[in-house]
Amino acid sequence: MIHKTAWGTAMLLTALNIATPLLSSGQQLTKYVDPLIGTGGHGHTYPGSTRPFALVQLSPDNGKGGWDWVSGYHISSDSIAGFSHMHLSGTGIGDWLDIALMPMLKINDNPTADIKQKFDRKDEKASAGYYRVQLENGIQVELTSTERVGFHRYTFPKNTPKAVVQIDLKHQYNWDKPTNSYLTRINDSTLVGLRESSGWAGKQHIYFAIRTSKPIDNFTAVSTSQQEVQTLQAQGVIGQIAFNNTENLLLKVALSTTSHDKALLALSEIPSWNFEDTQKNSNIAWENELGKIKIESRDERLKTIFYSALYHTAVAPTLYSDADGVYKNYKGETHRMTNQGQRYTFFSLWDTFRALKPLFTITQPDRHTDFLNSMLAFYDENGLLPVWDLSTFETNTMTGYHAIPVLADAILKDWPGVDAERAYEAMRKSAFQTIREVPAYNEYGYVPQDVNGGSVTKTLEYAFDDYCISLVAEKLGKTADYTLFTKRAKNYTHLFDPTTGFMRAKYKNGQFVEPFDPFYSEHDFDKSQYIEGNAWQHAFFVPHDIRGLAKLFPKKNGLSAMLDTLFTAPSYMTGENQSPDASGFIGQYAHGNEPSHHIAYMYSYIGEAWKTQEKVRMIVDSMYHDRPDGYAGNEDAGQMSAWAVWSMMGLYPVSPVGGEYVFGSPTLDKSTIAMPNGKQFTITARNNGPKQVYIKSAKLNGKVYNKTFITHADMLKGGELVFEMSDKPNKKFGSSRDSWPTSMEN
């Protein structure tokens with residue numbers, strides 16, 4: 001049985017020595033992708049070459065550390081220190097940047113010296129699967145890639161006497177630092193090596209193989225002193241390979257988490273030295289990815305925003321295993337994924353459970369099974385589901401145990417290839433783990449602030465995760481667990497303060513923490529009450545029980561009034577150590593960070609869908625742009641982009657489990673979605689425009705449709721959802737109770 005993925009097909013063709021087809025005419029969605037979007041502001045994306053969910057992300061590094069350089073690159077920089085092969089997209093912490101290469105005009109007598117080269121922005125180009133830059137010293141660098149191989153093409157100035165490439169295994173910025181490395185020349189055109197490091201992921205490794213298009217004239221490796229050697233092992237090896245009288249040089253760099261022998265095998269992903277073919281095939285891979293959702297809009301700018309966002313939803317998680325499914329985890333254990341699957345890593349679950357992972361149940365019919373089973377493999381190897389898996393290492397970053405909603409959503413949608421009983425066992429174990437303040441949560445019904453910080457956020461997120469477990473328990477016929485976790489899903493009520501309308505931290509004795517300032521932000525997780533924000537942004541995280549939350553307010557329209565105030569409150573925070581992650585403010589709504597992402601859609605749960613439409617269109621228009629600072633905050637491994645993909649089409653998974661997608665305000669005139677079962681579902685917005693933000697009426701397959709949401713199951717049937725748009729709110733649409741999305745408290 002062939003594993004049907006885009007990269008799997010490419011590997012099969014390579015193995016059979018069949019040329020991958022080149023770009024065909026008419027395929028042009030990639031022209032709307034701008035990888036530079038997100039490289040400015042605090043987006044933290046990278047501009048280099050990758051393929052969908054690939055192990056290799058080949059991109060320039062500016063040679064700077066700091067928060068805005070966690071991806072290695074920021075649009076404000078004018079220098080490049082190297083082109084490394086592994087990058088994180090949109091995260092708040094820096095790691096990887098492994099195996100950095102840098103072309104030079106002469107041998108550097110002091111390889112540890114600064115080798116940064118300036119460049120002019122006009123001499124830089126980035127597109128899907130391709131990057132080019134002209135360095136100040138006259139060397140042109142072009143990059144493309146496959147799943148496991150980075151392909152470099154260097155054009156040196158004419159009459160260059162000595163073309164040199166530095167291989168820097170010491171290359172480190174932000175949290176990352178090498179702990180061991182080696183570099184070996186095995187023949188006149190091939191080197192192999194290893195880089196082990198510690199950083200955000202406390203223990204990580206990557207093997208590599210480098211092959212050059214021309215014979216190496218000489219090879220030098222250095223750690224503390226320059227040595228003419230064939231092999232060198234040290235904490236951070238720097239090697240230089242030199243070539244006589246050449247103007248053009250190509251290099252392939254293959255990666256493996258298992259061994260350098262496997263890296264050598266991976267070089268076959270690019271069987272020839274034809275750079276253009278590899279670049280075109282990368283374009284095809286992205287064209288196929290983008291073609292899963294075809295849109296129509298009279299605004300070309302919106303197409304760039306949408307397809308650049310869809311591109312960013314397909315860069316993480318990233319491959320971790322070799323082509324045969326074998327990998328070596330951070331413990332040094334070698335495993336193989338079952339059923340010809342692949343292991344993935346880089347699971348930013350606190351961010352992506354909200355919109356990206358539900359999107360995968362539409363856009364990734366093949367890979368999502370591997371994503372899910374990768375989380376279960378993590379459970380098998382570590383005893384708990386991942387919280388934030390990087391290089392198979394548990395970074396334990398952020399709150400909640402949000403592999404649970406991802407697995408639950410898949411089980412509830414009857415996702416193939418996932419063992420529901422095995423997944424449930426893993427989910428239940430997370431709910432009774434002995435770390436992360438879960439014992440205190442289970443004892444008190446909330447996390448007390450005098451147990452640890454972030455208590456409000458942890459309580460609200462654990463309650464939502466419990467709700468997800470309850471749904472799976474019900475589906476699997478586990479009646480006692482269904483009752484238990486349904487009760488636990490109501491734990492959010494313990495922190496609600498009816499006097500202020502906010503969720504507030506409590507001590508073990510049940511008393512609210514005083515003094516209370518809803519604008520106060522503390523970024524230190526051990527001291528904070530709210531993670532990466534303040535009481536305003538976290539007051540509304542009850543996506544599973546919005547009407548239950550509404551009933552807690554003393555006044556009938558209390559939740560509606562609170563939501564209104566959120567969007568009009570002053571846009572500032574108090575405190576000496578405010579979280580930089582809270583950004584993209586509209587009042588106190590902070591779109592630059594994930595806790596706010598569902599809030600605008602909450603109005604639809606209480607009969608005010610027109611307010612949802614109004615707010616969503618305002619957010620799309622003000623928070624997404626076709627320029628480097630096009631994101632309001634960290635792109636966060638696809639979540640910021642997934643919000644845009646859903647919302648521009650007119651939908652959003654407010655409670656991201658079970659398959660209900662709430663209507664917003666479609667920015668696009670038409671979106672045709674290839675559903676995972678092969679059928680198409682189309683969303684059409686008639687009479688759409690910048691001022692026509694309100695849904696006047698809706699029809700599903702020609703019949704009047706009064707609900708303010710649509711289910712995943714209905715979309716799988718195929719068909720067309722048509723919105724009639726208007727510049728005036730239709731307050732009757734979505735006002736009747738039977739049109740509202742599901743809430744625990746109905």
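Predicted model: local features only at pLDDT ≥ 70, side-chain atom pairs only at ≥ 80, totals over all residues.
**Entry 1: cavities**

I took a cavity to be a set of grid points where a 1.4 Å probe fits but cannot get out, and I counted as lining any residue with an atom within 4 Å of such a point.

I found five cavities of 30 Å³ or more in the structure. The largest cavity holds about 100 Å³ of space. I noted that 15 residues line the largest cavity, and that Met86, Trp96, His205, Ile206 and Ser391 are the ones lying nearest its centre. Two elements give two or more residues to this lining, namely strand E13 (204–212) and strand E20 (318–319), and E13 gives the most, with three residues. When I sorted the lining of the largest cavity by class, I got six nonpolar, eight polar and one charged residue.

I then looked up the second largest cavity, where about 60 Å³ of space lies. Its lining consists of Phe353, Arg354, Phe541, Pro543, Glu594, His597, His598, Tyr652, Pro653, Val654 and Pro656. By class, I recorded seven nonpolar, two polar and two charged residues in the lining of the second largest cavity.

**Entry 2: helix H8 against H11**

I next followed helix H8 (residues 403–412) to helix H11 (residues 455–475), and found that their axes come within 9 Å and cross at roughly 25°. Angles under 35 degrees count as roughly parallel, and H8 and H11 are therefore roughly parallel to each other. The crossing in which H8 passes H11 is left-handed.

On the H8 side of the contact I listed Ile404, Pro405, Ala408, Ile411 and Leu412, which meet Phe464, Asp465, Cys468, Ile469, Leu471, Val472 and Lys475 of H11. The contact of H8 with H11 comprises 10 nonpolar and two charged residues, with no polar ones.

**Entry 3: helix H7 against H8**

Staying with H8, I asked how its axis lies relative to helix H7 (residues 367–382), and found that the two axes come within 11 Å and cross at roughly 135°. H7 passes H8 in a left-handed crossing.

Here I saw His368, Leu372, Met375 and Leu376 of H7 meeting Ala403, Val406, Leu407 and Ala410 of H8. I classed seven residues of the contact of H7 with H8 as nonpolar and one as polar, with no charged residue among them.

How values were computed:
Residues numbered from 1 in each chain as written. Heavy atoms only, no water. Axes fitted to C-alpha atoms, helices over the stretch in contact; angles between N-to-C directions. Helix = DSSP H or I, 4+ residues; strand = E, 2+ residues; numbered from the N terminus. Parallel < 35°, antiparallel > 145°, perpendicular 65-115°, else oblique. Left-handed = near helix turned anticlockwise from the far one by under 90°. Contact = heavy atoms within 4.5 Å. Nonpolar A, V, L, I, M, F, W, Y, C, P; charged D, E, K, R; others polar. 1 Å grid on protein atoms, 1.4 Å probe; cavity = no way out; pocket = protein on both sides within 12 Å on 5 of 7 lines; lining within 4 Å. Points joined across faces, edges and corners; volume = space filled by probe spheres on them.
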